[in-house]
Amino acid sequence: MVVVIYTLAMAGNAAMVLLIWADARLHTPMYFLLSQLSFLDIFFSSVTVPKMIAGFLFGWISISFGGCGAQMFFFMLLGAAECILLALMAYDRYAAICNPLRYPVLMSRQTCLLLVAASWLGGSLNASIQTALTLQFPYCGSRKIAHFFCEVPSLLRLACADTAAYERVLFVTGVVVLLLPIAFITTSYALILAAVLRMRSAEGRKKALATCSSHLAVVNLFYGPLVYTYMLPASYHSPGQDDVVSVFYTVLTPMLNPVIYSLRNKEVTGAMKKVIGKCGVGRTV
């Protein structure tokens, strides 16, 4: 089942990237950021899921200390970059709906590139700090991780040292990486809602809400499990629950993201039908 979901996630996100690249109508800031989201999802799932699949199918369940550190680093980098990118996508919707006349200036190509670079830079900074601090602890006794990949909370359970101070640092980092973007997204959508309610055109309100609803659905799917994992105290966690929650945001959410944007966005659906139509014509000829 995991193999099927992972394959669908890779195919869906790769198709979204190629579709946005190929269709000139989708060469806009919103779809550029969406293509970057799909790009991140491809690598975010690939950091952990292939290793998990190999463990299920072939029993390859061991990982070196260096491999564990590398897996944790890239997982934290891509996860934090996606958190930041989702917040910046909310700003794009705010600019488009609340400042439509200034939108080409506010979301110029240079600005879009800077926003994407900021998400990668923020993710790299977060991953560097978290990985360095986590790997400094001595690990003794059992070396078996009660998880399917090297994630910070699961590794801390193996440390034979007091991790209370670091867990407070982890909480603060969670506030910066998770709660601040959530607050930014909430503020953006509060302003968007106020602007939508002032619109006289029912069609305009419907179109604005349609483009926002897809993004909000993705935000809830991604942020919810992460808040549970990194913000709740350890006493609220159990290995079984952590596994289920981690599978949700490492496998299911990347698979659902392109589906959500395809089903609820007429421009993406139209571009997809156009590509399918061309393929059909090609087969007929």
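Guide: Begin with a term: two residues are in contact when they have heavy atoms within 4.5 Å. Keep in mind that this is a predicted model.

Visitor: Leaving aside neighbours within four places in sequence, which residues is Y230 in contact with?

Guide: Once neighbours within four places in sequence are set aside, Y230 has contacts with F75, M76, E151, V152, P153, L170, L178 and Y249.

Visitor: Which residues have the most contacts inside the largest nonpolar core?

Guide: The general idea is that in soluble globular proteins, nonpolar side chains tend to be buried together. Here the largest nonpolar core has 84 residues, and those with the most contacts inside it are L34, L37, F75, L86, M89, V152 and Y230. Helix α3 gives the largest share of this core, 18 residues.

Visitor: How many cavities of 30 Å³ or more are there?

Guide: Rolling a probe the size of a water molecule over the atoms shows where empty space is left. In this model the count comes to three cavities of 30 Å³ or more. The largest cavity has a volume of about 180 Å³. It is lined by 15 residues, and the closest to its centre are M76, N126, V177, L178 and Y230.

Visitor: Which helices each supply at least two residues of that lining?

Guide: They are α3, α5, α7 (164–197) and α8 (202–231). By type, the lining of the largest cavity divides into 10 nonpolar residues, five polar and no charged.

Visitor: Which cysteines form a disulfide?

Guide: To count as a disulfide, two cysteine sulfur atoms must lie within 2.5 Å. C68 and C150 form one, with their sulfur atoms 2.1 Å apart. The pair links distant parts of the chain, 82 residues apart: C68 is in helix α3 (residues 65–98), and C150 is in the loop between α5 (109–135) and α6 (152–156). The link of C68 and C150 is left-handed, with -125 degrees about the S-S bond. The count of disulfides comes to one.

Visitor: Are C68 and C150 buried or exposed?

Guide: C68 is buried, at a relative accessible area of 6%, and C150 counts as buried at 2%.

Technical notes:
Residues numbered from 1 in each chain as written. Predicted model: local features only at pLDDT ≥ 70, side-chain atom pairs only at ≥ 80, totals over all residues. Heavy atoms only, no water. Helix = DSSP H or I, 4+ residues; strand = E, 2+ residues; numbered from the N terminus. Buried < 20%, exposed > 50% of the residue type's maximum accessible area, 1.4 Å probe, protein only. 1 Å grid on protein atoms, 1.4 Å probe; cavity = no way out; pocket = protein on both sides within 12 Å on 5 of 7 lines; lining within 4 Å. Points joined across faces, edges and corners; volume = space filled by probe spheres on them. Nonpolar A, V, L, I, M, F, W, Y, C, P; charged D, E, K, R; others polar. Core = buried A, V, L, I, M, F, W, Y, C linked by side-chain atoms within 4.5 Å.
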